[in-house]
Amino acid sequence: MTLEGVKKSYGGGKSPLVEVLHGIDLQLVEGEFAALLGPSGSGKSTLLNIMGLLETPTAGELRIADTATASLDDAARTALRNRYLGFVFQFHHLLPAFSALENVMMPLFAGQGRVTSQDRQRAAMLLQRVGLAEHAAKQPVQLSGGQQQRVAIVRALMNRPRLVLADEPTGNLDTQTANEVFALLHELNREDGTTFLIVTHDQRLADGCPRQIRLLDGRLQPDGLVSPAPSASGR
Amino acid sequence: MNFVWTVAWRLLREGRFQTALILAGVSIGVGVIVYITAIVSGLQANIIDRTLSTQAHVVLRPADIVNQAPLTVPGSVKLADIAKRTQRENTIANWGSIVARVRGTPNVSAVAAMASGPGVAQQGGVRKSIVLMGVDLDDYRQVVRLDNKLKAGRLLLPTGTALIGKELAADLGLQPGGRLRLQTATGGSQSMTVGAVLDFGLKDLNKRWVLLPLREAQNLLGFQRDVTEIYIKSERLFEAESLAANLALSTGLTADSWQSSNGQLVTALKSQSASSLMIRVFVTFAVALGIASVLVVTVVQRQREIGILRAMGTPASRILAVFLLQGGLVGLFGSLFGSLLGAAMAEGISRMAKTEDGSPLFPVVLDSELFITTALIATLVGVLAALLPALRAARLDPVVAIRG
Ligand SMILES: Nc1ncnc2c1ncn2[C@@H]1O[C@H](COP(=O)(O)OP(=O)(O)O)[C@@H](O)[C@H]1O
Ligand SMILES: [Mg+2]
């Protein structure tokens, strides 16, 4: 994924026009594990939503797998999102009317309109991988916060996305659980080669990431442009 | 497992209270519609049935005799007004060929010729004014049902017998086998045996109608071989008017359909149908608005989940379909419950409203066609009512839900 001069403004019309992102150039390398750091209000969620094709940039271009996305319509963006991207939100956002297993299958179900028994097996395998095999049939309210977030993480992996975007996935978890969730993300990255971009406040968790991207007042900090060599990382 | 069906179903199941509310609304609406339809069509069928039990669907009568106006030259002075002539006893002479021709007309199921005219029945010094109706009983029974009107005696009409109404029988103290004298203004007079006593369903008819063999009526009334009316039964009741128009053209006689002979009744039935239609239309609107308003609330409440589904790559069209389907399902299930409710109410009413002899006042008409049409319409109305809420759901910005 490549971003070229991405700008985003809100407002206009009656409310004053505010530019939140002032021209972001960024490239994510296949298979990397990057943390996006920055103070509250610096535009991290906005950037992530743009990369997730949930919002359109005011200016600039975003390429996913060599496809320019700025001029695509909603249906095409939805299809790209479904095919290449996985999401993990701060508030896990599981669907309460569906069981854990069904929640995991949802990205596939939503994109294709139906699921096969093979898809069901894959969802069960993913749940097993995060130690929730016996909770597959439970409703989200019957699970703890950490369990719910783990369901949300494997849900993001269901469609075998190239890139998983996670917005403060550990934001409302206690330290112990947050560590476990981060360890799980690292493991999934190593084993499957899926690219991860993870927004976090927590410098300690970010230190565990091979690449750190810093955002301040809508601009990337210079050091964020350079990807440190894997050997130089904290791990 | 289909996405649209599964999600629509789960959302309905999850929103128990709203689903129950909306289902109750649709059920009550559909119940009212089914009830009104069943009652009104039962009532109307019954009224038409009763009215036509003593009438033919189409009656042919001799054409009016009119005076020809003298040719007038424009600008000339008109010297006399020409009034319609008194109508002499006007009869149909060549009726044999006309009956044959009418029998061959499509949509005609039975034909009976009749010679009728005023007369007097006399017995033991009591004189009653009557209508003589000379018929061939076999033909006549094809047009007008008699077996359900028989009170006493037998439905046979050999020479020298007469079938009389029960009021006349009471007035003259007659029973089957009794004798009475029939007289006419032209001087005809003949003694007859009572073959049967009939109940025509109306007091006036029971006082006056006397059925006798055609030949004897013609003699008494001085018609020679002529008849005065030709009774026709149509295969399709509600096409009697066009049949009458056809027959008037093809025979040159005056043709009256049952609708034109019962103008007030037809008007009353039509306005009843119109008001029942109005009620049904307005109830349908109310139901549609109810579905729409509950679904709008649901969309607002489900905003977050819709946003998540969209963020995970659900096409907007699929979200639209989910909510349209919810509307359709609510319409369909509501109409099933509502049909049961309406049918139960209609049955209950027809059980409560009874005539003095214990038979229902009117039968309610509950046919499968009513239920199938109702279910189809309710489903369609549900889908249409869901259109606005569904569009709203499909246009939701996922970011708003995610940022929460
Ligand atoms: N829809 C919006 N309309 C107007 N301003 C917005 C909107 N979304 C975000 N912002 C503003 O953009 C800025 C960046 O927000 P956000 O990307 O959520 O920051 P972060 O995730 O880093 O805390 C904030 O000042 C926020 O108020
Ligand atoms: Mg944020």
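This is a predicted model: local features need pLDDT of at least 70, side-chain atom pairs count only at pLDDT 80 or more; totals for chains, interfaces and linings use all residues.
Bookkeeping: residues count from 1 along each chain as its sequence is written, chains are lettered from A and ligands numbered from 1 in the order written, and side-chain values use heavy atoms, with hydrogens and water left out.

β1 (residues 2–12) and β2 (residues 15–27) of chain A pair antiparallel over 8 bridges, and K7(A) sits opposite H22(A) in β2(A). Strands here are DSSP runs of E, at least two residues, and helices are runs of H or I, at least four, numbered from the N terminus; two strands pair if DSSP finds at least two bridges between them.

Next, the open sheet. There are 6 strands in chain A, ordered β6-β7-β8-β3-β9-β10, with mixed pairing. The edges are β6 (85–88) and β10 (219–220) of chain A, each pairing on one side only. Inside chain A, β3 (residues 33–37) runs parallel to β9 (residues 211–216), joined by 4 bridges, and A35(A) stands opposite Q212(A) in β9(A).

Now, the ligand. Where does ligand 1 lie? Between chains A and B. Residues around ligand 1, meaning a heavy atom within 4 Å of it, include P39(A), G41(A), G43(A), S45(A) and, from the other chain, R403(B). For polar contacts the cut-off is a pair of N or O atoms within 3.5 Å. A ligand oxygen is 2.5 Å from a side-chain N or O atom of T46(A). With polar backbone atoms, a ligand oxygen is 2.8 Å from K44(A) and one is 3.3 Å from S42(A).

Last stop, the cores. Nonpolar side chains tend to be buried together in soluble globular proteins. A nonpolar core here is a set of buried Ala, Val, Leu, Ile, Met, Phe, Trp, Tyr and Cys residues joined through side-chain atoms within 4.5 Å, with buried meaning under 20% relative accessible area (1.4 Å probe, protein chains only). The largest has 83 residues, and L127(A), F3(B) and F323(B) touch the most other members. Apart from that one lies another core of 45 residues, among them V102(B), L172(B), L180(B) and A255(B).

Methods: Buried means under 20% relative accessible area, exposed over 50%, partly exposed in between (1.4 Å probe, protein chains only). A polar contact is a pair of N or O atoms within 3.5 Å; within protein, one must be able to donate a hydrogen and the other to accept it, and residues adjacent in sequence count only if both atoms are side-chain atoms.
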